[in-house]
Amino acid sequence: MSAVLDLPGVTEESWQEEAYRRGWGDGLPLVAPTPARVAAALAALDGIDLELGPLPPSGLVPTRESFAANAVMAGCRPADLPVVLAAVRALQAPEYNLHGVLATTHPCAPMVVVNGPVRGELGINSGANCLGQGTRANAVIGRAVQLTLMHIGGARPGVMDRATQGGPAKYTFCFGENEEDSPFPPFSVRRGFAPGESVVTVAATEGPHNVNDHGGTTAEDLLLTIAGTMAQPGSNNVYVKGPHFLVLGPEHAATFARDGWTAEAVRNALWERARIPVSKVSQANQRQFEDWGVVPDGDAYPVSTGPEMLHVLVAGGAGKHSVWIPSFGATAAVSRAVPRV
Amino acid sequence: MELEKRGVVAPLVVTETFLPLVQAQARARRVRPRLVVVPHPVGGLNEAELAGRIEGAAAELLRMADEARGLS
Amino acid sequence: MSTDWDVAVVGAGIAGLTAARVAADRGLRVVAYDRLTPGGQLVNLTALHDHPGGTGPELVSALTAAAEAAGVRIGYAEVTRVHPGSAVRLETGDGEVTAGVVVVAAGLGPGRLGLPAEEALVGRGISTCAGCDGPLFRGRAVAVVGEDEWTAEEALELAGWASAVTVLVPGPPRWSPERAERLAAAGTVEVLTGAAVTALRGEGVLSGVVVRTADGERDLPVAGLFPFVDRRGPEGLVDGLAADEHGRLVGAGNVLVAGDARAGAEQSLAAAEADGRAAGEAAVAALAATAGSLRIVDPTYGLPPEDDAGPVEAAGSTATWTDVALFTNSKPNATELLRGLGQRLQAHWELPELGFAAKESASVAADKDTIDWLSQRFKMVLVAVGD
């Protein structure tokens, strides 16, 4: 295996076809990772060690060049690379369970949440439509993480990536926390990082589930809707447990704050209230849950193992929507500072 | 595969669908796995279907076991 | 121009496999043909002296595995004719294929003395493979005829079996000083220079040869004769390609020649490997020059992890073949499947009982304590890994 390939007869015009023929990419057009583009991208990592280990299932350790090549293919600008690097470092933490995450039939994707000033520097969207299309930084950072796992880790869909259906979040899933419109301290600060530090948090999650509450005017109203949305018997979090996320829209967050609720109070209340009645779980699944050591608390199942498993943050723009993001279960929220020279 | 590295004979029972994944893991870990391959799926089968899976894989397992033990 | 292959290699010995791997490593579509199984001369070498690759067959396995891992397709077919052109056409036992570049690495043919009755004695005393046939001559006298590196190597190999090895060198020896030293050090090897074989003795089976030297002709009684003279390169394989007096080819255009088949080749494993590497690089360059190419950084490239520990024996394991366990991943039905298979084994080996362990969750790696326990206590563990 060589670090540089000469693709005979291939031009910039025919490059897409060649890349697909080789089984590369996510199906969208890819930027050809020419040595010049890779070198330009790597300039943003001058003085920064990758500090990356082997990526499953291939067990190969990315080199600076191959790491940058994937970022280039995803459409990253050089300045995006430190954020991509922080995300890949984070998902190599043992508690993230990268091997299990890549090989599972569950549709989890590497969710990337960004806090701190790097959001403004790179134009990472944390406001309106931040989970949707249309923002370059969000699109390419999430995509670069996924391409790195596919190409170097070898987690090719249908071969090594065994997802039954997968999910659209597997193309790209990156957004910023809307710290500016949040009534709570930044998510990263609540996780122990210094204010003003740029931090990436990853977890292997599903795509977001919407929580629509236009009628509610109090925290209690909103809690009822959110708890009801979370209390569904078909999520991994019920029996594989693990982390899950509530991303409040700023308007919902403001309602909680006005009524005197902190982020911690919200999550504690949801732990108590988001309960799945045993009657909504089949006998066969009750046995399956029991095999995994999960038994009902009275006449209902909780979601995961405790309030600390629910991470509450704020993102989005105007409107009465929030999202709940369940996870694979056998994973963890892992945060890493964005490296700076 | 960790067991094989420690000198234990460890045949892996795997479904066809997961075979490429297991082989890739083996390559990454530099081990040559002993594989007993059964049709996918295993979860969700009733008793008769499961008995069929066992029937189909038993001969290969016994052959592999005898070979490892030096009986063949 | 679109061709079946970017690179077609003729001959899967050390030079051919190396050239193929190098080209495939650079992302090219490569086929390596051999009329037999891969390996070439290597298959016949029991010990390698100028290469750190273990035995010949071990080196062949490693080279073949590396080539296949890089994406080389091994073609089990003889290439009978090569027609140069911007797309080179190859006639093979499997039909005609085209390639952008061809690397001829077909080595040399077997040695022949050109004497009457020689063909009838091949396999009845006459052999060209010391590694294969040496043991047949244990404790008996043999002669080796030739003057090149292979001659010396094969004589040394035979010295491990035969009671006496006479090396008959028609002209001046062309082997390296290092091999000359090893020949001189081998007590049972005698080198006769200026010696030619003029006749073969034996009815149905070889019993000796007639040797002519400056001192005249004399009979040399031997049970085995290993001729390495007049080994010819693959002359005539490629239309219009020049050959030297030994039939070894001179590459031209997009037909490259590597290893012993190349005019002026040095005849050592290290040289053949270097030759193969150079040919692989030259193939990459030739294709880039003719087709134009896009150079990219390989997005799939990575390095193997450093902590690559080999097999370790279980410390303090007292397990015997009656100690068999099942290890389930706890996925639905996995345990039932294992128990079913375990019962068959239990009946087959008449085992009193089976051990049992379970991973808490299919979604995470097995915990170390369980692995420790299983590896200390059991000789065999049947594991459910994936569904």
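This is a predicted model: local features need pLDDT of at least 70, side-chain atom pairs count only at pLDDT 80 or more; totals for chains, interfaces and linings use all residues.

Me: What makes two residues count as being in contact?

Reply: Their C-beta atoms, placed from the backbone, have to lie within 7 Å. In chain B, residues 24 or more positions apart account for 44% of the contacts with a separation of 6 or more.

Me: And what makes a residue "buried"?

Reply: You count the other C-beta atoms within 10 Å of its own, and 20 or more makes it buried. By that count, 52% of the 341 residues in chain A are buried. For chain B, buried residues come to 33% of 72.

Me: Why are α2(A) and α3(A) called roughly perpendicular?

Reply: Helix α2 of chain A covers residues 35-42 and helix α3 of chain A covers residues 64-74; their axes cross at roughly 100°. Angles from 65 to 115 degrees count as roughly perpendicular, and therefore this pair gets that name. The two axes also come within 9 Å.

Me: Which residues make that contact?

Reply: From α2(A) there are A:Arg37, A:Val38, A:Ala41 and A:Leu42. From α3(A) come A:Arg64, A:Glu65, A:Ala68, A:Ala69, A:Ala71 and A:Val72. Ala, Val and Leu count as nonpolar, while Arg and Glu count as charged, so the contact divides into seven nonpolar, no polar and three charged residues.

Me: Where do chains A and C meet, in terms of elements?

Reply: The contact takes 43 residues from chain A and 30 from chain C. On chain A's side, β1 (4-8), α2, β2 (61-62), α3 and α13 (283-291) each supply at least two residues. That side divides into 23 nonpolar, 16 polar and four charged residues.

Me: How do you know that β1(A) really pairs with a strand of chain C?

Reply: Pairing needs at least two bridges between the strands, and β1(A) has five with β15 of chain C (residues 293-297), so they pair, in the antiparallel sense. Within this pair, A:Asp6 stands opposite C:Arg295.

Me: What about β7 and β8 of chain C: parallel or antiparallel?

Reply: Parallel, again over five bridges, with β7 at residues 141-145 and β8 at residues 164-169. There, C:Val142 stands opposite C:Val165. Both strands belong to an open sheet of four, ordered β9-β8-β7-β13 with parallel pairing.

Me: What makes β9 and β13 of chain C the edge strands?

Reply: Each of them pairs on one side only; β9 is 189-193 and β13 is 224-227. Direction ignored, neighbouring strands of the sheet are turned by 20° against each other on average.

Me: How many residues of chain C touch chain B?

Reply: There are 32, in contact with 33 residues of chain B. Elements of chain C giving two or more residues to its side are α8 (334-349), α9 (368-377) and β19 (380-386), and α8(C) has the largest share, nine residues. This side of chain C divides into 19 nonpolar, six polar and seven charged residues.

Methods. Residues are numbered from 1 along each chain as its sequence is written. Chains are lettered from A and ligands numbered from 1 in the order in which they are written. Axes are lines fitted to C-alpha atoms, for helices over the stretch in contact, and angles run from 0 to 180 degrees between N-to-C directions. Angles under 35 degrees count as roughly parallel, over 145 as roughly antiparallel, 65 to 115 as roughly perpendicular and the rest as oblique. A residue is buried if 20 or more other C-beta atoms lie within 10 Å of its own, exposed if 12 or fewer, and partly exposed in between; C-beta atoms are placed from the backbone.
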